[in-house]
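Q: Could you walk me through how to read packing features in a structure, beginning with the rings and then moving to the core?

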Amino acid sequence: MTNLSRPLIGLTPSHNTENDDLSLRPTYVRALRAAGALPVILPLEISRKELSELADLCHGFLFTGGPDPHPFLWGEEVHENCGTISAKRDQMEMDLLSEAMSRKKPILGICRGAQIINIGLGGDIYQDIKSQYSCEFPIAHTQPAAYAIPSHHVSIAEGSRLFEISGGLQKLAVNSCHHQAVRRLAPGLSAGAFAPDGIIEEIEMTAYPFLMGVQWHPEYLWESDETSSRLFQAFVEACRNSQF
């Protein structure tokens with residue numbers, strides 16, 4: 001393969017199950033390009049052999065936000081508050097996670113992407129936080145304002161990769177747009193950040209070149225928040241190193 005001047009990063013697309021259209025919010029692309037990457041949107045309708053070839057071609061993968069994963073993936077019935085499901089996207093992302101990890105390619109998950117990583121590695125998620133998780137002071141996990149405006153803080157675990165990327169911050173202001181969240185961590189994963197109500201907000205695998213998932217949306221914050229910018233820079237740098 002011809003050497004590229006920038007690492008090639010594959011992004012998983014959103015799938016509109018009503019009209020079968022694929023889409024991707026440009027914020028992901030902007031954040032990756034600003035960090036020095038060459039982003040490319042991946043197809044959903046693809047054979048495992050073709051996906052394997054793409055896993056060889058790309059230097060890293062970003063699992064984006066989107067609709068709810070199917071609860072059958074972790075052996076549960078569908079909760080009454082579970083939302084829209086794309087079986088095509090679920091299957092493609094499960095296969096892609098396996099192909100990427102078998103090659104030790106850098107992986108970043110955002111929102112749904114973090115949940116997919118946890119599910120794919122053997123963990124599970126809350127299908128609906130409001131009805132499955134109780135606390136004294138419910139946090140606004142569904143963004144009440146524009147995406148670029150933080151809605152709650154997360155506490156960062158000392159010694160985590162996120163702690164290192166943030167420059168040693170113990171608390172970070174984040175946005176939030178989800179009604180599901182990581183519940184039981186998959187084997188090999190650790191939690192690097194928590195919301196004030198105890199919900200896991202970041203997952204990572206220390207025994208892997210680069211594997212992180214955040215529950216918030218740093219692609220809307222990187223222009224004003226240094227840690228969000230550093231997160232994309234660290235991911236892109238890991239992808240750059242995987243070229244060699």
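A: Gladly. This is a predicted model, and a search of the whole structure finds three aromatic pairs.

Q: How is the pair of Tyr126 and Tyr133 arranged, and what is the angle between the planes?

A: Ring pairs are sorted by the angle between their planes, and over 60 degrees counts as edge-to-face. Tyr126 and Tyr133 are edge-to-face, with 70° between the planes and 5.4 Å centre to centre.

Q: Is Tyr126 buried or exposed?

A: The cut-off for buried is under 20% relative accessible area. Tyr126 has 14%, so this residue is buried. The ring of Tyr126 also has a charge over it: the charged end of Arg183 sits there, 5.6 Å from the ring centre.

Q: Which kind of aromatic pair do Phe210 and Phe235 form?

A: Phe210 and Phe235 have 40° between their planes, with 5.6 Å centre to centre, and form a tilted pair. Phe210 is in the loop between β12 (200–204) and β13, while Phe235 is in helix α7, so their pairing ties together parts 25 residues apart in sequence. Both Phe210 and Phe235 are buried.

Q: Now for the core. Which residues touch the most other members of the largest nonpolar core?

A: A nonpolar core is a set of buried residues joined through side-chain atoms. Here the largest one has 31 residues, and Leu32 and Leu62 touch the most other members. Elements giving two or more residues to this core include β1 (8–11), α1 (26–34), β8 (152–156) and α7 (226–241). The largest share, six residues, comes from α7.

Q: What does Leu32 touch, leaving aside residues up to four places away in sequence?

A: With that exclusion, Leu32 touches Ile9, Leu11, Ala37, Pro39, Leu62, Phe232, Phe235 and Val236. Phe235 is thus a contact of Leu32 and also the partner of Phe210 in the tilted pair.

Q: Finally, where does Tyr147 lie, and is Tyr147 buried or partly exposed?

A: Tyr147 lies in the loop between α5 (129–132) and β8. Partly exposed covers the range between buried, under 20%, and exposed, over 50%. Tyr147 has 28% relative accessibility, so this residue counts as partly exposed. Not counting residues up to four places away in sequence, Tyr147 touches Arg25, Asn175, Cys177, Tyr220 and Leu221. Tyr147 and Ser23 are 18 Å apart in space, C-alpha to C-alpha, and 124 residues apart in sequence.

Notes: Residues are numbered from 1 along each chain as its sequence is written. This is a predicted model: local features need pLDDT of at least 70, side-chain atom pairs count only at pLDDT 80 or more; totals for chains, interfaces and linings use all residues. Side-chain values use heavy atoms; hydrogens and water are left out. A nonpolar core is a set of buried Ala, Val, Leu, Ile, Met, Phe, Trp, Tyr and Cys residues joined through side-chain atoms within 4.5 Å. Buried means under 20% relative accessible area, exposed over 50%, partly exposed in between (1.4 Å probe, protein chains only). Helices (H or I, at least four residues) and strands (E, at least two) are DSSP runs, numbered from the N terminus. Contact means heavy atoms within 4.5 Å. Rings of Phe, Tyr and Trp (its six-membered ring) pair if their centres lie within 6.5 Å; planes under 30 degrees apart count as stacked, over 60 as edge-to-face and the rest as tilted. A charge sits over a ring if NZ of Lys or CZ of Arg is within 6 Å of the ring centre and within 35 degrees of the ring normal.
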